[in-house]
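Subject: The model you asked about

Hello,

Here is the structure I promised to pass on. Have a look at it first, and then read my notes below.

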Amino acid sequence: MGLAQAISARLAANIRHLREARSLTQEQMARIAGIPRATWGHLETGAGNPTLAILDKVATALQVPLEELTAEPRSIGRLYERGSLRTRRQGDGTIRQLLPDPIPGMVIDRMEIPPRGRIPGVPHMPGTREYFTCEKGQVVLAVAGQQWRLAPGDVLVFRGDQRHSYTNPGSETAAGYSVVLLTRVG
């Protein structure tokens, strides 16, 4: 089997697997992608010779990166050890990326704030929503001049397009999870 045939076979198998994993029909996926059902069917049988624009529509509909459509099959799972995910300093605290693969329009991080430390938030695009869940310790979240004191398990939802900051008033490290839903532009 030549390279082009191997890629076409992988493309067909991956598209079919990704669709079936979502329990959707070819008709439903074609409608979501904005392409004819026959085109989707050809992609799944390997009979199609899709343009990059069609592949982009398919990847968007399946909510996967474009390269995943032609990638070698993945193993059942993959371990990402703690040190392999991006960690950065911001203010007095540490922010660690929680997911190795990006989710379009979403940022998910774990924040650690040392005793009496502060992490300044960065205002996002207008319309962005942010969710912060306190995991341990106490976190005072200030948003546009208003303050909330969060204890473990508390969740604050706020507009992420405003000035905000996270402060640990306690004597032990505080931690929490930030989920930012970014606004789509265009």
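What follows is a short tour of the sheets, a pocket and a few single residues.

First, the ground rules. This is a predicted model, in which local features need pLDDT of at least 70 and side-chain atom pairs count only at pLDDT 80 or more, while totals for chains, interfaces and linings use all residues. Residues are numbered from 1 along each chain as its sequence is written, and side-chain values use heavy atoms, with hydrogens and water left out.

The six-stranded sheet

An open sheet is formed by 6 strands in the order S1-S2-S3-S10-S5-S8, with antiparallel pairing. Its edge strands, which pair on one side only, are S1 (87–90) and S8 (155–159). On average, neighbouring strands in this sheet are turned by 25° against each other, direction ignored. As for the terms, strands (E, at least two residues) and helices (H or I, at least four) are DSSP runs numbered from the N terminus, and two strands pair if DSSP finds at least two bridges between them. The angles are taken between N-to-C directions and run from 0 to 180 degrees, with axes that are lines fitted to C-alpha atoms (for helices, over the stretch in contact).

Thr-133 has Val-155 in S8 as its bridge partner. S8 also has two faces to compare: Leu-156 and Phe-158 are on the covered one, whereas Val-155, Val-157 and Arg-159 are on the uncovered one.

The four-stranded sheet

Another open sheet has 4 strands in the order S4-S9-S6-S7, again with antiparallel pairing. S4 and S7 are its edge strands, each pairing on one side only. The twist from one strand to the next averages 15°. Within this sheet, 4 bridges pair S6 with S9 in the antiparallel sense, and Val-143 stands opposite His-164 in S9.

A pocket to look at

The second largest pocket holds about 230 Å³ of space. Of the 16 residues that line it, Arg-88, Gln-90, Asp-109, His-124 and Val-180 lie nearest its centre. S1, S3 (106–113), S9 (164–167) and S10 (174–181) each supply at least two lining residues, and S3 gives the most, with 3. By type, the lining divides into 7 nonpolar, 5 polar and 4 charged residues. Here Ala, Val, Leu, Ile, Met, Phe, Trp, Tyr, Cys and Pro count as nonpolar, Asp, Glu, Lys and Arg as charged, and the others, Gly among them, as polar.

For the search itself, a 1 Å grid is laid over the protein atoms alone; a cavity is a set of points where a 1.4 Å probe fits but cannot get out, a pocket is an open set with protein on both sides within 12 Å along at least five of seven lines, and lining residues have an atom within 4 Å of a point. Grid points are joined across faces, edges and corners, and the volume is the space filled by probe spheres set on the points.

Single residues

Asn-14 lies in helix H1 (residues 3–21). Asn-14 counts as buried because its relative accessibility is 13%; the cut-offs are under 20% relative accessible area for buried, over 50% for exposed, and in between for partly exposed (1.4 Å probe, protein chains only). Not counting residues up to four places away in sequence, Asn-14 touches Glu-68, Leu-69, Thr-70 and Ala-71, where contact means heavy atoms within 4.5 Å.

The loop between S3 and S4 (118–120) holds Arg-116, whose phi is near 55°, a positive value in a residue other than glycine. Arg-116 is exposed, with a relative accessible area of 59%. Pro-115 lies in the loop between S3 and S4 and counts as partly exposed, at 33% relative accessibility. Leaving aside neighbours within four places in sequence, Pro-115 is in contact with Asn-168, Gly-170, Ser-171, Glu-172 and Thr-173.

Ala-144, in the loop between S6 (139–143) and S7 (146–150), likewise has a positive phi, near 50°.

Best wishes
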